[in-house]
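Please brief me on this model. Cover the nonpolar cores first, then the backbone points worth a look.

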Amino acid sequence: MPEGDTLYRTAATLQRWLGGRKVTEATTAVPDVPVDRLVGQQVAWVEAWGKHLLLRFGSGQVLHTHLRMSGSWHVYSAGDRWRRPAHQARLVLVCGDRVAVCFNAPVVELLAAKAEHVHPALARLGPDVLGEPFELDEVRRRARARPSDIPVGELLLDQRVVAGIGNIWRNEAVFLEGRHPRTPQGALSDDELDRIVTTARRLMRESAGIDRGGAAGGRPAPRWVYRRTGRPCRRCATPIQSALQGEQARRAYWCPSCQPAPEPSG
């Protein structure tokens, strides 16, 4: 699933090419999504909120997409050949000489003005990890409201705590902060928890190329542990280990020397 840094770059690209333009044509393959109402409306702003993408229009309506594992947005000049087959297009927005196509997104919906505040998924999201200003105090508050024995590796993936962090950056952040992904959040001080979250944010800002606007991407960050099972740690040469973790069964990666396992409780 694309993480917050990828969604930030997607939003920046859509904002660059669609922002301020009027929709001249809109079609969708999704039943009961009345995108024809968008024709004639101006694209006011495009933003990412965690792993969700929101296109805001002058009327206040919001086009919400969630790409999950299969979706993507492309922008073309009018008349250009699409890089994916037309039958995969879930939504097409034409703004003059630009065509934005949303391929294979499982979630495409048109929300009324301010409806995101009561939306069953959006209303529960924690602060955006790439948001400005970043609400670190609120992330900490939400984290401490979760059970104290929840492992930090699972906590970072909880979009209700902080929105946008995925499997890559939770693994990289806990490595850089020297914590095993199974470390219970209750074993972390507030400062330690804050450092893990802000490290994930820093890595994602670098990946998103935020200082350059995001559309061109950032400089690639080295992968310390992610998808390096059995390979030597870049710091100490100990083989990287991995295992499935949590209800989502996402794979956690760690160096057993740089990230000592937590002491058994009790």
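Contact means heavy atoms within 4.5 Å. Leaving aside neighbours within four places in sequence, Ile196 is in contact with Val152, Leu156, Ala173, Val174, Glu177, Arg179 and Leu188. This is a predicted model: local features need pLDDT of at least 70, side-chain atom pairs count only at pLDDT 80 or more, and totals for chains, interfaces and linings use all residues. Residues are numbered from 1 along each chain as its sequence is written, and side-chain values use heavy atoms, with hydrogens and water left out.

**Nonpolar cores**
- A nonpolar core is a set of buried Ala, Val, Leu, Ile, Met, Phe, Trp, Tyr and Cys residues joined through side-chain atoms within 4.5 Å.
- Buried means under 20% relative accessible area, exposed over 50%, and partly exposed in between (1.4 Å probe, protein chains only).
- The largest nonpolar core has 33 residues; Leu156, Val162, Ile165, Ile196 and Val197 touch the most other members.
- At least two residues of this core come from each of helices H2 (136–144), H3 (152–155), H4 (167–176) and H5 (190–208).
- H5 gives the largest share, 7 residues.
- Another core, of 27 residues, lies apart from it and includes Ala11, Val46, Leu93 and Ala105.

**Backbone points**
- Helices (H or I, at least four residues) and strands (E, at least two) are DSSP runs, numbered from the N terminus.
- The Glu132 to Pro133 peptide bond is cis, with omega near -5°. Pro133 sits in the loop between strand E8 (107–111) and H2.
- Asp32, not a glycine, has a positive phi near 65°. Asp32 is exposed, at 80% relative accessible area.
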